[in-house]
Amino acid sequence: MNKEEYRMQLKEWLSSFQNVVQDEDIRQKAENLLLKMNDERSSEQEWYELAESIAADMNQPEALRDVAAGGHQLPPLPYRYEALEPYISKEIMYLHHQKHHQSYVDGLNKAEVALKKARRTNDFTMIKHWERELAFHGAGHYLHCIFWFSMSPSGKRKPTGQMLRLIEHSFDSYDAFKSQFSAAAKQVEGVGWAILVWAPRSQRLEILQAERHQLLSQWDVIPLLALDVWEHAYYLQYLNEKAQYVDRWWNVVDWREPEARLKQAQQVKWTPF
Ligand SMILES: [Fe+2]
């Protein structure tokens, strides 16, 4: 690769995360690298060392800005509305992105702000309503973020490497995977999604149908702490006193597991929107 190509590649790399990084040190280093790249006297070795140190800093979880409660945004599409024609029309893409996805973003923000207020005032009378809104709009927002970025007018049409190996391991073959995924998608009852997921516990890929996506949480999250409130979990002892079971459950909670899970979960970093 010649110097000019390397310069272009580094510039592209820098612009890919400039809106996502909040860390001042990293921003400073990135600016420094840009200056160096415009200075003919500096060498590619210097650029490389700076880029390497930026990449190392980026690996710290604090480097990515978080999304404050009520601060979600509609991600811009990485292509034009007509880019997926003739398979998906410009009109659909425009409405789907500008109207439908935007309303999920607005609904999610509204639910998060309402829950923040509920915590501040210790008034949880509307908890069921807002938790439902949080799941419905949250799932809508997060799943659309995955959906838009998993399409492209000129993308990679078949998986390779580790993804292909895991698909073959989990579904026997790529064709079998495609058949199962398509069948699952066609037979989602009513509204919903077909979703390829990674199951960290079984270390396999799986295909799931999300009928009414809100019923299966937000789909972009990693569970850390779970309390079973099915009747079988308390009925023999507490009968219909579910609230008492919940209150007393805190006496046996062990935070070591959620903390360990959090540490692992934080390794996963996606672009915030
Ligand atoms: Fe949609």
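Tutor: Happy to; here is a walk through that part, followed by some places elsewhere in the chain. Please keep in mind that this is a predicted model, in which local features need pLDDT of at least 70 and side-chain atom pairs count only at pLDDT 80 or more, while totals for chains, interfaces and linings use all residues. Residues are numbered from 1 along each chain as its sequence is written.

Let us begin with the helix pair. Helix α6 covers residues 161–171 and helix α7 covers residues 174–186; their axes come within 8 Å and cross at roughly 70 degrees. Helices here are DSSP runs of H or I with at least four residues, strands are runs of E with at least two, and both are numbered from the N terminus. An axis is a line fitted to C-alpha atoms, for helices over the stretch in contact, and angles run from 0 to 180 degrees between N-to-C directions. The two helices are therefore roughly perpendicular to each other (angles under 35 degrees count as roughly parallel, over 145 as roughly antiparallel, 65 to 115 as roughly perpendicular and the rest as oblique).

Which residues meet there? From α6 come L164, I167, E168 and F171, and from α7 come Y174, A176, F177 and Q180. These contact residues divide into six nonpolar, one polar and one charged. Nonpolar covers Ala, Val, Leu, Ile, Met, Phe, Trp, Tyr, Cys and Pro; charged covers Asp, Glu, Lys and Arg; the others, Gly among them, are polar. Being in contact means that two C-beta atoms, placed from the backbone, lie within 7 Å.

D172 is in the loop between α6 and α7. Its phi is near 80 degrees, a positive value in a residue other than glycine. Most residues other than glycine have a negative phi, and most peptide bonds are trans. D172 is exposed, with 11 other C-beta atoms within 10 Å; a residue is exposed with 12 or fewer such atoms, buried with 20 or more, and partly exposed in between, using C-beta atoms placed from the backbone.

Now for the strands. Strand β1 (residues 192–199) and strand β2 (residues 204–211) run antiparallel and are joined by eight bridges, where pairing takes at least two bridges found by DSSP. L196 stands opposite I207 in β2, and V197 stands opposite E206. In a regular strand the side chains alternate between the two faces of the sheet. The hairpin of β1 and β2 has four residues between the strands, and Q203 takes a positive phi near 55 degrees there.

Elsewhere, the loop between α4 and α5 holds N122, a residue with a positive phi of about 55 degrees although it is not a glycine. N122 is exposed, with 6 other C-beta atoms within 10 Å. H141, by contrast, lies in helix α5 (residues 127–149) and is buried, with 26 other C-beta atoms within 10 Å. Leaving aside neighbours within four places in sequence, H141 is in contact with H72, Y104, V105 and L108. In the loop between α3 (44–58) and α4 (90–121) you will find P86, and the peptide bond from E85 to P86 is cis, with omega near 5 degrees.

Stepping back, the secondary structure of the chain comes to ten helices and two strands. Of its 273 residues, 13% count as buried.
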